[in-house]
Amino acid sequence: MKQNSSRTMNHHSSPIIIFLLSIFVSFSAFNTVNSNVDASTFLTKHKLYKVKITSVKTDDKAKWIIKGTSKAPTGTKIYATTADKQNANYGINAAQSTKNKTWATMNHGKFSLAIDPHVLKNATNYQMNQHFKVYLFAVSKLKSSWANSNAIAPSVMHDIASKASSKKLKYTKSQSTYYQNLAAEASSKAVSASIKSSSSIAAREAASRASSEALASSQAAVAAASSSAATQSTAAVTDNNSGANVNSTDHAKWAIQNGYTWATRKGHSHIIAPGQPLPDGYYWQVP
């Protein structure tokens, strides 16, 4: 009798145990979040909440500003990531607060967040009116700071995708214009830097040329002055010996060597008595 009772209990309890195990496995698979970068920043179990978008706008920094509602409790963090499984940013959080670089969170059933297109989906080109498919949801028990909001593993994103509804965001004209202007500004700065560098080199070369020209001019002036002095000396010789090459005065005269002056005569001059001739290579110093 006891043996039959035991068999009956096992027979009825087995399906219950299997059922409970299946729920546990399913729940664990759905609520496990892994990080591609730092797994220690994430808990292993999280609860997801669907969100409803009520408005989408763009700000002056080309970000999407999204407002909506959800049944998630106040303080629950909002997560957004591209739905493109082939993109390198798949699983990376692109949502942030509209006020600063922190988590966007639920506040009494409502939320407001900002999404940067370049963080949402890493691409080299964006076309106006292009649509971005996004997984947007609220998720509990994320303990990491926003700065360390690491990627959710693609294997976990598969489970999230089956529970969180996807949304579409359109790349607007204002966003396209903003990034075109950024590119033009960056190009302009690069050109200005190149011109500034070239101008600096040209200025240095011009200064070098001016310095060389000034030196050459100075040397030419010195040469001209020397030539002028020599000419004056020769003229003095001619003038002072116009009559005869003899001191015909009644007093002694100074004879100064050609190329020298009264101020530099020391060692290059002689006193010539009356009636004495002027030495070769000398000129009379006019009294």
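Over how many bridges do strand β8 and β10 pair, and in which sense? The model here is a predicted one, so local features are taken at pLDDT of at least 70 and side-chain atom pairs at pLDDT 80 or more, while totals for chains, interfaces and linings use all residues. Residues are numbered from 1 along each chain as its sequence is written, and side-chain values use heavy atoms, with hydrogens and water left out.

Back to the strands (DSSP runs of E, at least two residues, numbered from the N terminus). Strand β8, residues 253-257, and β10 run antiparallel and share three bridges; two strands count as paired if DSSP finds at least two bridges between them. One spot to look at is Ala255, which sits opposite Trp284 of β10. Both strands belong to an open, three-stranded sheet in the order β9-β8-β10, with antiparallel pairing. The edges are taken by β9 (269-272) and β10 (282-284); each has a single partner strand, so one side of each has no neighbour in the sheet. From one strand to the next the twist averages 30°, with axes being lines fitted to C-alpha atoms and angles running from 0 to 180 degrees between N-to-C directions.

Ser269 is part of strand β9. With a relative accessible area of 17%, Ser269 is buried (under 20%; exposed is over 50% and partly exposed in between, with a 1.4 Å probe and protein chains only). Leaving aside residues up to four places away in sequence, Ser269 touches Trp254, Ala255, Ile256 and Tyr282, where contact means heavy atoms within 4.5 Å.

Asp84 is found in the loop that links β3 (77-82) and β4 (95-96). Its relative accessibility is 26%, so Asp84 counts as partly exposed. Tyr90 and Lys121 are touched by Asp84, again not counting residues up to four places away in sequence. Asp84 and Tyr135 are 51 residues apart in sequence, yet 9.5 Å apart in space, C-alpha to C-alpha.

Then there is the largest pocket, at about 270 Å³. A pocket is an open set of points on a 1 Å grid over the protein atoms alone, with protein on both sides within 12 Å along at least five of seven lines, and lining residues have an atom within 4 Å of a point. Its volume is the space filled by probe spheres set on the points. The lining has 13 residues, with Thr98, Thr105, Asn107, Phe111 and Ser112 nearest the centre.

Methods
On a 1 Å grid over the protein atoms alone, a cavity is a set of points where a 1.4 Å probe fits but cannot get out, and a pocket is an open set with protein on both sides within 12 Å along at least five of seven lines; lining residues have an atom within 4 Å of a point. Helices (H or I, at least four residues) and strands (E, at least two) are DSSP runs, numbered from the N terminus.
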